[in-house]
Amino acid sequence: MSALYFPYEFGITAIDAQYVRPKFAGSHLIVEGDQAVFIDTGTNYSVPGFMEVLKEKGLCAEKVRYIILTHIHLDHAGGAGALMKACPNAELVVHGRGRRHMIDPSVLIKGTYAVFGKENAVKLYGNISGVPESRVLTAEDEMTLSFNGRKLLFIDAPGHAKHHIAIWDEKSRGFFTGDAFGLSYRDFDTQQGEFILPTTTPIHFDPQAMRNTIDRILSYRPEAIYPTHFGRACEPEKLGAQLHDLIDRYLEIIAAHGDESPESRHVNLQKEMGKVLVAALRKHAVTLSEEACLHLLANDIDLNAQGLAHWWDTRNKQR
């Protein structure tokens, strides 16, 4: 299957990861002269498409300087071992909390098998492999790297995950945000622009940390953000306000249902979150049917409900 990709200005290309559905998840390729950087790796099944696009850009695998992981959730990092093998001169850049799991992914693999079952996990992500320690760089807060003179700044970006970073590209005035600045699917683009929603997946969701990360990203006055889900989104200030508003609504939902039985709570969280998101989509002038909207968001609503419940229970235990 040929890779689906979307070229933007400043040598930036969003490449579809061929995961779940088209334009659901991807990697961003940045080309500067005769060198390149990948931000996020998709799964093992994503790697051939990424290499195909690199070749179309006129570059060979040896010209990839860095492979950067925004965080180590497997839709972002599952293909890291395979992509590093394909790009022999690249260094892997990852948050310090994720470093050991990229060198030895056995804990990630065990957890993934526990959630999905081994057969389904392999169908989703392939056989996950580690990266030699000598090829792994730890991304520290406010660290900078450059390739062909193009400067990238790394910031710690908790809220979605404690092992999350975001990358500021000075040349494009763009931020590569992984999941730290929400999800923005092209299915919901309208004349009003892009739609965005927070992702509160377990187990590290922290609403105040997420708010702080959103505001820190906005403090750079970016002209665009590049979330892994998916592509480019403009008008970051407007999107940031939408994220803050939806975080408020999510917290209202969990406050209303947090002390219910686990089964009842999960059903009610999904139901109420679906209502909130459909209402927000209608306000954004999305004309898809309610059924279509909920179908596109089903996986996110399920995971977001799990993450809200985990945050509520953890917070109450600490009181």
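Let's start at Phe230, which is found in the loop between β12 and β13 (233–234); helices here (H or I, at least four residues) and strands (E, at least two) are DSSP runs, numbered from the N terminus.

A quick word on conventions. This is a predicted model, where local features need pLDDT of at least 70 and side-chain atom pairs count only at pLDDT 80 or more, while totals for chains, interfaces and linings use all residues. Residues are numbered from 1 along each chain as its sequence is written, and side-chain values use heavy atoms, with hydrogens and water left out.

Phe10 is not a glycine, yet it has a positive phi of about 65°. You'll find Phe10 in the loop between β1 and β2, and at 41% relative accessibility it counts as partly exposed; buried would be under 20% relative accessible area and exposed over 50%, with partly exposed in between, using a 1.4 Å probe and protein chains only. Glu235, also not a glycine, has a positive phi of about 55°. Glu235 sits in the loop between β13 and α8 (236–257), and is partly exposed at 44%.

Now the sheet. Seven strands make an open sheet with mixed pairing, in the order β1-β2-β3-β4-β5-β6-β7. Which strands stand at the edges? They are β1 (5–7) and β7 (136–139), and each has a single partner strand, so one side of each is left without a neighbour in the sheet. From one strand to the next, the twist averages 20°. Strand β1 pairs with β2 (residues 12–16) in the antiparallel sense over three bridges, where pairing requires that DSSP finds at least two bridges between the strands. Within that pairing, Tyr5 stands opposite Ile15 in β2.

Two helices lie across this sheet. Helix α1 lies across β1, β2, β3 (26–32), β4 and β5 (64–68), running at about 145° to β2. Helix α4 (residues 96–103) lies across β6 (91–95) and β7, at about 130° to β6. For those angles, axes are lines fitted to C-alpha atoms, for helices over the stretch in contact (heavy atoms within 4.5 Å), and angles run from 0 to 180 degrees between N-to-C directions.

Next, the aromatics. Rings of Phe, Tyr and Trp (its six-membered ring) pair if their centres lie within 6.5 Å; planes under 30 degrees apart count as stacked, over 60 as edge-to-face and the rest as tilted. By this rule the count comes to 14 aromatic pairs. In one of them, the rings of Phe24 and Tyr185 have centres 5.6 Å apart and planes at 15°, so the pair is stacked. Phe24 lies in the loop between β2 and β3 and Tyr185 in the loop between β11 (174–178) and α7 (207–218), so the pair ties together parts that are 161 residues apart in sequence. Both Phe24 and Tyr185 are buried. Trp168 and Tyr220 form a tilted pair, 5.4 Å centre to centre with 45° between the planes.

Finally, Arg21 lies over the face of Tyr185, at 4.9 Å from the ring centre. The rule there is NZ of Lys or CZ of Arg within 6 Å of the ring centre and within 35 degrees of the ring normal.
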